[in-house]
Amino acid sequence: IKDLVSPYLSSDYKHLQKNIAYHLEYTLPQTTRNLNLFGTYLATSYTVRDRLLQLSHDTQKYYTEKKVKTACYISIEYLMGRFLQNAVLNLNLEEEYGEALAGLGYGLEDIYDQEQDPALGNGGLGRLAACFLDTLATHNYPAWGYGLRYNYGLFKQSVDVEGDQVEKTDVWLQFPYPFMIENHFIRIPIGFYGSIETYVDQKTKGTRFKWHPSEYVIAQANDILIPGYGTDNTNTLRLWSCRPIQELDFKKFSLGDFKGASEKRLNAENITNVLYPNDNEMAGKELRFKQQYFLVAATLQDIIRRLKEQKRTIYELPDFAAVQLNDTHPTLAIPELLRVLLDEEMLTWDEAWDITQRTFSYTNHTILPEALERWPVKLISHLLPRHMQLIEAINWKFLENFSENNKESGKLRKKLSLIENSRDTLVRMAWLAIVGSHKVNGVSDIHTNILKDKVFKDFHKIYPKKFINVTNGVTPRRWLHACNPKLSELITATLNSNEWIYDLTHLSKLREHADNEEFQLKWAAIKLFNKKKLQKYVKRELKIDIGYKDVVYDIQIKRIHEYKRQLMNIIGSISYYSDLLKMDPKKRKEMPKRVSFIAGKAAPGYFVAKKIIKLINCVSKVINTDPEIGDVFKVIYLPNYSVTLAELLIPATDVSEHISTPGTEASGTSNMKFVLNGGLILGTLDGANLEIMKNSGEENVFAFGITKEKVDQVKQNNIEKGAYNLMDEKMKNAINLIENGTFGNIENYQGLIEELKGVDRYILGHDFAPYMEAMDRVMQTYQKPQKWWKMSILGCAGSGWLSSDRTIKEYAENIWEIKPCPLPKIE
Ligand code: 26W
């Protein structure tokens with residue numbers, strides 16, 4: 001049969017053209033006689049999909065033959081970005097597709113540009129998952145991604161005339177998304193609510209339990225095939241969407257109750273309707289809890305089905321699949337697997353618990369207390385009565401090891417308990433994840449140390465070996481090769497090989513060119529080229545002309561959050577603006593030029609973050625229209641930050657800001673992407689910044705501020721003496737400008753300013769002067785091009801370890817115990 005299809009898949013450009021024409025004529029309501037860009041993009045995408053389907057079938061068949069162990073990554077978010085360019089590059093078909101499309105009158109770039117980003121994630125955690133999928137396929141690891149196919153992804157953001165964030169629904173499925181394949185053969189029933197039956201097992205005479213859910217929905221698989229770079233191995237990202245058991249209640253319909261007739265369907269569809277837009281803050285809504293259970297219940301059934309298809313027993317599960325919990329959102333997988341093993345597979349508790357612990361591992365991505373999930377016992381008992389019973393049993397058995405007898409261990413028991421008795425009785429999901437996993441990891445050195453010494457201290461004492469660090473990484477395919485083709489070419493030409501694309505440590509060989517003037521000029525010219533592209537975008541989208549020659553492009557792009565301190569950034573801009581105004585106009589004109597970009601979304605319910613956006617926009621308006629300032633300084637807020645926008649911004653950046661309060665940013669991953677693209681870092685001693693300094697050289701990073709150890713003392717001082725009283729004069733002056741209405745009515749910013757002058761939780765006041773001083777160093781250094789470009793090249797040369805290929809190797813070896821399984825090459 002393979003011979004019947006393989007001619008279709010030839011990669012000759014004429015063949016590709018025929019394939020595209022086929023899909024235009026027979027898949028789409030289009031014809032080859034009236035071509036348009038969007039239709040051609042769709043048809044092109046279908047031809048890519050065809051190739052991936054073939055490769056995916058071969059891959060699955062081979063993995064099954066080889067009986068490999070598979071990694072299953074469960075994540076409630078995936079921020080994939082555009083698909084087509086990545087797939088064409090990974091399949092190494094760029095030239096062929098370029099030619100094929102040119103023949104039809106289109107440029108490849110314009111076709112790529114037709115694609116909408118599927119925004120099925122909020123930020124760092126979802127994008128990390130996407131980088132991991134790229135690496136897993138590229139390095140031939142047998143792996144599955146599991147997630148949810150939300151009807152509506154993260155909201156689209158715009159800014160109104162007042163400077164406020166406006167949210168619009170992201171209807172990403174209104175047009176076909178050609179890379180997702182609805183797999184009608186995989187439909188899995190998922191229960192909710194109901195009761196527990198207790199009975200005596202006739203064989204063992206022991207008590208057994210059975211859950212009888214009172215409601216069911218269907219989990220429908222939607223598959224996205226993940227190509228690897230330079231390999232035939234193609235993995236699957238399986239996204240579940242929720243369908244009703246019964247589409248329409250005909251009885252109700254016949255009685256004229258049309259609304260009631262569709263109620264069940266609407267309730268079911270609701271489960272995967274929308275991505276919760278909170279990042280680092282728990283919303284605590286019942287629907288979100290349903291999403292979490294729906295995801296893990298469907299995923300585990302799918303894994304167990306595949307295990308059994310291979311005629312393997314349930315005891316072999318830990319050798320068949322390593323299941324990674326991406327933060328605590330999928331933690332219900334632990335009681336769910338236990339339930340399946342006990343109530344359906346009839347295992348003993350000890351057997352079931354052993355299998356569970358050996359199957360799961362858990363990654364923590366944040367230590368912010370408001371982000372740590374705790375769900376009410378009441379809610380769990382109502383929705384998943386059997387699971388609540390099991391969580392209590394896990395807790396009971398775990399605490400058994402710590403006697404109740406003396407006061408000290410009584411205290412310890414309280415701290416360790418999976419169930420917290422505060423105002424509400426709550427389940428601590430992180431505790432459950434730790435107890436039910438064999439490995440727990442943080443995402444950077446400093447973050448893992450905080451987990452061990454603070455957040456999970458008591459658990460670390462009990463299970464010292466369970467806790468390990470796996471520092472995050474990013475895929476060099478998307479974040480250098482695809483988004484910065486000119487730099488990619490220069491690196492390949494300089495190293496005389498493109499091996500760096502899948503082994504990034506090769507970049508270290510760039511070190512010998514760091515001082516070379518000719519090389520520096522080439523390097524700088526590419527940055528300028530990328531800046532020009534961004535300048536054009538800003539002109540087109542915002543109608544602002546910012547210039548790009550001899551201007552420092554300074555960028556902070558990430559979710560808007562108090563701990564990330566965009567507020568310090570914008571107050572810095574106010575202060576700089578005020579200094580410029582005070583200057584002798586002649587001297588001002590000679591100042592080095594800077595554009596300060598900020599982009600990022602605020603969670604719709606996070607009012608403080610929204611005020612920060614408003615302040616940024618109002619400050620930007622005043623500065624950008626001040627004729628005294630002209631092109632010496634501009635502040636640009638770019639709306640609707642996305643993966644695709646990041647691909648434009650990162651290659652164009654001279655210096656990026658990663659200025660979180662020490663101890664708050666678990667890792668950060670955009671910092672890595674900037675360094676990879678020759679951008680310099682202006683950053684605090686936090687997250688992965690520290691490791692970037694270690695690997696690229698401290699002298700190549702503009703670091704400032706205190707270590708995390710000193711933060712508590714500063715906070716205490718703020719509380720005792722009042723933050724405002726300790727503040728630097730320049731910062732007071734900037735705050736004064738906000739208060740006197742320079743940037744619009746102060747009432748807009750009341751909450752922000754009060755917190756800043758009072759407690760200043762994130763110690764902006766303390767760090768302000770060193771921050772401004774570091775920015776000054778940036779501007780001074782930029783005036784010395786040889787030094788600047790040397791730093792830029794050395795930063796990139798030291799970034800080999802930043803690849804997610806390194807990260808995944810560590811997961812594979814130290815947590816999952818899986819091995820690459822490359823498909824044999826067929827020539
Ligand atoms: C329950 C609400 C909620 C939603 C999302 C809580 C927490 C999250 C995420 C875990 C937040 C997140 O994305 N964390 C980021 O993870 C990145 C990948 O490890 C890190 O690089 C970032 O530093 C971290 O903020």
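Which residues does the domain assignment of the protein give to domain 1, domain 2 and domain 3?

**View 1. The domains of the predicted model.** Welcome to this structure, which is a predicted model. The domain assignment places residues 1–66 + 82–116 in domain 1, residues 68–81 + 117–398 + 433–437 in domain 2, and residues 540–783 in domain 3. The predictor gives the protein an average pLDDT of 97, and 99% of the residues score at least 70. For the complex, the ipTM is 0.99 and the pTM is 0.98.

**View 2. Where domain 2 touches domain 3.** Between the C-alpha centres of domain 2 and domain 3 there are 38 Å. Here 28 residues of domain 2 are in contact with 23 residues of domain 3. On the domain 2 side, look for helix H7, strand S3 (153–159) and strand S4 (165–170), each of which supplies at least two residues. S3 gives the most to this side, with six residues. By class, the side of domain 2 that touches domain 3 has nine nonpolar, twelve polar and seven charged residues.

**View 3. The shell around the ligand.** Around the ligand you will find 23 residues, and the closest are Gly124, Leu125, His365, Ala666 and Ser667. Domain 2 and domain 3 each provide at least three residues of this shell. The shell is made up of six nonpolar, twelve polar and five charged residues.

**View 4. Helix H7 packed with helix H34.** H7 spans residues 124–138 and H34 spans residues 804–816. Their axes lie 9 Å apart, and the two helices pack at an angle of about 80°. H7 is therefore roughly perpendicular to H34. From H7, the contact uses Cys131, Phe132, Thr135 and Leu136, while H34 brings Ser804, Asp805 and Ile808. Sorted by class, the contact of H7 with H34 holds four nonpolar, two polar and one charged residues.

**View 5. Helix H22 crossing helix H33.** This close-up shows H22 (residues 517–542) and H33 (residues 785–797), whose axes come within 10 Å and cross at roughly 80°. That angle makes H22 roughly perpendicular to H33. To find the meeting point, look in H22 for Gln520, Trp523 and Ala524, and in H33 for Pro785, Gln786, Trp789, Ser792 and Ile793. The contact of H22 with H33 counts five nonpolar and three polar residues, with no charged residues.

Terms used:
Residues are numbered from 1 along each chain as its sequence is written. This is a predicted model: local features need pLDDT of at least 70, side-chain atom pairs count only at pLDDT 80 or more; totals for chains, interfaces and linings use all residues. Axes are lines fitted to C-alpha atoms, for helices over the stretch in contact, and angles run from 0 to 180 degrees between N-to-C directions. Helices (H or I, at least four residues) and strands (E, at least two) are DSSP runs, numbered from the N terminus. Angles under 35 degrees count as roughly parallel, over 145 as roughly antiparallel, 65 to 115 as roughly perpendicular and the rest as oblique. Two residues are in contact if their C-beta atoms, placed from the backbone, lie within 7 Å. Ala, Val, Leu, Ile, Met, Phe, Trp, Tyr, Cys and Pro count as nonpolar, Asp, Glu, Lys and Arg as charged, and the others, Gly among them, as polar. Domain bounds come from an automatic or database domain assignment. A residue is near a molecule or strand if its C-beta atom, placed from the backbone, lies within 6 Å of it. pLDDT is the predictor's confidence in each residue, from 0 to 100.
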